[in-house]
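Please look through the sequence and the model before reading on.

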Amino acid sequence: MKDLYYSDYIELNKILNSQHPKSFSSVEDGNDEMLFIIIHQVYELWFKQIIFELDLVRHIFIKGGINDNSDDMSKVVQKLKRIGKVLELINQQVSVLETMTALDFLEFRNVLLPASGFQSKQFRLIEAKLGLKMEQRYKREYYKHTRRGSLSESDLQEVNQAESESTLKELVIKWLERMPFFEEEYWKDYKQAAELDSGERHKFWVDYRNAYQDSLSENESGRLSEFDKVFFEEGRGDVPPAAMRAALFITIYRNLPIFQMPFELLNTLSEIDELLSNWRYRHFMMVRRMIGLRVGTGGTSGAGYLEGTLSQHYAFREITELATFLIQRSKRPALPIVLKEKVSFNL
Ligand code: HEM
C-alpha cells in the first residue's frame with residue numbers, strides 16, 4: 001500500500017488552491033485582497049474547530065449522567081478551555097489584518113459587495129450553540145430576512161435548527177438544577193445562625209441572605225429584593241432560581257474538592273463570553289478604522305450595529321454577574337459535617 005503523504009492527508013492542495021482574489025490576477029498588480037481572503041479562511045477553520053469542540057461537550061451533557069467526579073467533567077472543562085485558547089488566538093489575529101489601511105481596503109472593497117462576515121454561518125452557529133437566542137440579539141430584524149447581504153435561506157435554517165437543539169447553556173442549566181446537595185440527609189446537624197423563620201426556604205439560604213444583607217452598603221439596599229428575585233422567585237434571564245442557587249453555591253464553596261471542576265466549568269463559560277466579546281470589540285474598532293461610519297457590505301449600519309452587539313450578545317451573563325451576590329469567605333455559613341464529608345471524596 002502507498003505510504004500516506006503529508007499533503008494528501010491534510011488535503012493541502014484543496015486548501016492552497018482556494019484563494020482567488022477578484023481585484024487582481026497577477027502578483028505585480030497584487031493588493032491586500034489576498035490577506036483579506038486568507039485571514040477569513042483561517043478564521044473559518046478555527047470556527048470549525050470551536051463548533052467541533054462545542055458539539056462534543058454538548059454530547060457529553062446530552063448523553064446524561066454526567067458525574068462531577070468523573071472524566072466527563074474534566075473532559076468538558078478541558079474542551080471548553082481549548083475553545084478559550086482558540087478565541088485568544090483569533091483575537092490576536094485582528095492585528096495582522098490591521099496592517100492593512102483604510103485606503104488599502106478601498107482598493108478592493110467594491111468587489112466583495114454584498115458579501116459580508118455577517119453571512120458567516122459558522123459564527124452564528126457558535127453563538128447559537130452556546131445559547132444566544134434570536135430574540136436576545138441586537139437589531140433582530142437584520143436576521144429575519146434572507147435578502148442581499150444576509151444569510152441564505154439554507155444557512156438561516158441551519159442556524160435556527162442549532163437554536164432549537166439543546167444549547168450548551170440549557171444543558172448547563174439542567175445540570176445545575178440537578179445538584180443534589182440540598183437533600184435533607186446532609187443538613188440534619190446544620191446549626192442555623194439566624195433566628196429567622198426559614199419558611200419555605202432552606203435554612204442555609206436564610207443564613208446566607210442575612211450575611212449578604214449585612215454586606216450591603218446603604219445605597220445598595222435594593223440588592224436584597226434582587227437577591228430574592230434571582231434566587232427564589234424568577235431567576236435571572238433564562239436561568240431559573242434553582243440553577244442560580246446551585247451556581248452560587250458552587251462559587252462560594254469552590255475550594256471544596258467536589259466543586260473545583262464545576263467551578264472551573266462556570267468560570268470557563270464566563271471566560272468564553274468575555275473572549276468572544278473581546279473579539280467583537282477588536283473587530284468593531286478595526287471596522288471603524290477601515291470604513292468609518294459607512295454602512296457595511298452586508299447592509300447593516302456597520303460600526304454602529306457592531307457596537308450594539310458588543311453590549312448585548314452574551315450567552316452566560318447570568319453566571320458572570322453572580323459576583324453581585326458574593327460575600328466574604330469568612331462570612332460564609334459553615335457547612336454541616338455530613339455534607340463536608342460528602343463533598344470531600346470521602347464516600
Ligand atoms: C477589513 C476588514 C473587515 C471589515 C471592514 C469588516 C466589516 C464588517 C461589518 C461592517 C460588519 C457588519 C455587517 C455588515 O453590514 O457587513 C461585519 C460583520 C461581521 N464580520 Fe467583519 N469585517 C472585516 C473583517 C472580518 C474578519 C477578518 C472576520 C473573520 C471571520 C469578520 C467576521 C465578521 C462577522 C462574524 C460578522 C458578524 C458579526 C455580528 O453580527 O455580530 N470580519 N464586518
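How many Å separate an oxygen atom of the ligand from an N or O atom in the side chain of R124? The distance is 2.6 Å, which falls within the cut-off for a polar contact (a pair of N or O atoms within 3.5 Å). This is a predicted model, in which local features need pLDDT of at least 70 and side-chain atom pairs count only at pLDDT 80 or more, while totals for chains, interfaces and linings use all residues. Residues are numbered from 1 along each chain as its sequence is written, and side-chain values use heavy atoms, with hydrogens and water left out.

The side chain of T300 likewise places an N or O atom 2.6 Å from an oxygen atom of the ligand, and a polar side-chain atom of S116 lies 2.7 Å from a ligand oxygen. The iron atom of the ligand has a single protein donor (N, O or S within 2.8 Å of the metal, or 3.2 Å for Na, K and Ca), namely NE2 of H283 at 2.2 Å, and H283 belongs to helix α13, residues 257-291.

The protein has 16 helices and 0 strands, these being DSSP runs (H or I of at least four residues for helices, E of at least two for strands) numbered from the N terminus. Of its 347 residues, 45% are buried, meaning under 20% relative accessible area with a 1.4 Å probe and protein chains only.

In helix α3, residues 33-62, sits E33, which is buried but has no salt bridge (a side-chain nitrogen of Lys or Arg within 4 Å of a carboxyl oxygen of Asp or Glu). The nearest side chain of opposite charge, K22, is 6.6 Å away.

Notes: Buried < 20%, exposed > 50% of the residue type's maximum accessible area, 1.4 Å probe, protein only. Lys, Arg positive; Asp, Glu negative; His and termini not counted. Polar contact = N/O pair within 3.5 Å; in protein donor to acceptor, adjacent residues only side chain to side chain.
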